[in-house]
Structure formats: C-alpha cells, structure tokens
Amino acid sequence: MATSMDRPFLYSEAERRRRDASPWTLVQGVLAPLQFAVFLVSLVLVSRTLATGEGAGLANASVVAKTAALYAIMVTGSLWEKAVFGRYLFAPAFFWEDAVSMLVLALHTAYLVALATDALGTTGLMLLALGAYATYLVNAGQFLLKLRAARLQAPAYAMGAAR
C-alpha cells in the first residue's frame, strides 16, 4: 500500500485545486479549532472531577460535547477526503492520521457506551476520557504537521516544482 512517504508532495496539483475549491476545507478549518476549544474546557472539567470528586455531571456533559464535535469533524473530514482524494478514508496522504483517528473515535465511543451503561464509575469514566484525550492530542498533532507540510508545499507549486 502506498503511503505519504511515496509521494513527493502532500497534494498533487489536481488535489490541491480540489482542496482549495471544496467547501469542506472551510468546514474543517472551523470545526478543528472549535473541537479544540471544547476539548480544553472539558479537560479542565474532567481534571477537576478527578481531583475533587465534584462536578461529574458537567464533566460528563463536556465529554459528550467533545465527542459530538469529534463525530462532526470525522464525518465532514471524510467528505473532504473524498472530495480531494477520491476516497472517504485512508487516502495515502492521510493514511496514518486516519488510522489514529479511528483509535480516537473508538475511545470516545467507548466513553459514550460506558456512560450509557453505567459500566464504569466516575473515576473510570474520567480516566477513559483522559485516555481518549491523549490520543486526540496525538492526532491533532499529526494534522498540524500535515497543515504545516501543505503550507511549505505551496511555494513549490508557485515556483512550478509540482508535476
């Protein structure tokens, strides 16, 4: 299977044009910082609950809100990937980001299942949320590196280096 390492650039010229023309690019640009803001608030609430034992309801609601934001960015991200690369997930340029996204999604979904079934106590739920958040931070870092790579690639296109 081809990976992003097999490509001289993150985007081909055609992919770059599709990326720039896609409305999903703007949607992703709005949802990503929104999700990060919800994450920061939730992280404070989850940490407070773990430290004091108080505010579990608000912490749980914040994790649910973070998960909803994650689902929104995952669905619209797959639509973006389809528009740009012709496939909903695991396009070679974003293979590893999508793979880690699946883990992030699984952990957040496990939190919702545990919350709905009362499978874990408050501490267990909060620790699961922190695990989900740790993987989310790794994934966010991956996407920030790709954003940086795309910005660094842009001057190469301007100079005619892309094929």
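H3 passes H4 in a left-handed crossing, meaning that the near helix is turned anticlockwise from the far one by less than a right angle. Helices here are DSSP runs of H or I with at least four residues, numbered from the N terminus. The model is predicted: local features need pLDDT of at least 70, side-chain atom pairs count only at pLDDT 80 or more, and totals for chains, interfaces and linings use all residues. Residues are numbered from 1 along each chain as its sequence is written, and side-chain values use heavy atoms, without hydrogens and water.

The axes of H3 (residues 56-85) and H4 (residues 95-117) come within 10 Å and cross at roughly 145°. Axes are lines fitted to C-alpha atoms over the stretch in contact, with angles from 0 to 180 degrees between N-to-C directions. Contact means heavy atoms within 4.5 Å. On the H3 side, the residues that meet H4 include Val63, Leu70 and Met74. Their counterparts in H4 include Met102, Leu105 and Leu112.

Valine 38 lies in helix H2. Its relative accessible area is 23%, so valine 38 is partly exposed (between the limits for buried, under 20%, and exposed, over 50%; 1.4 Å probe, protein chains only). Beyond residues up to four places away in sequence, valine 38 touches Ser62, Ala65 and Lys66. Alanine 69 is 31 residues from valine 38 in sequence, yet the C-alpha to C-alpha separation is 8.0 Å.

Leucine 40 also belongs to H2 (residues 23-52). This residue is partly exposed, because its relative accessible area is 40%.

Technical notes
Helices (H or I, at least four residues) and strands (E, at least two) are DSSP runs, numbered from the N terminus.
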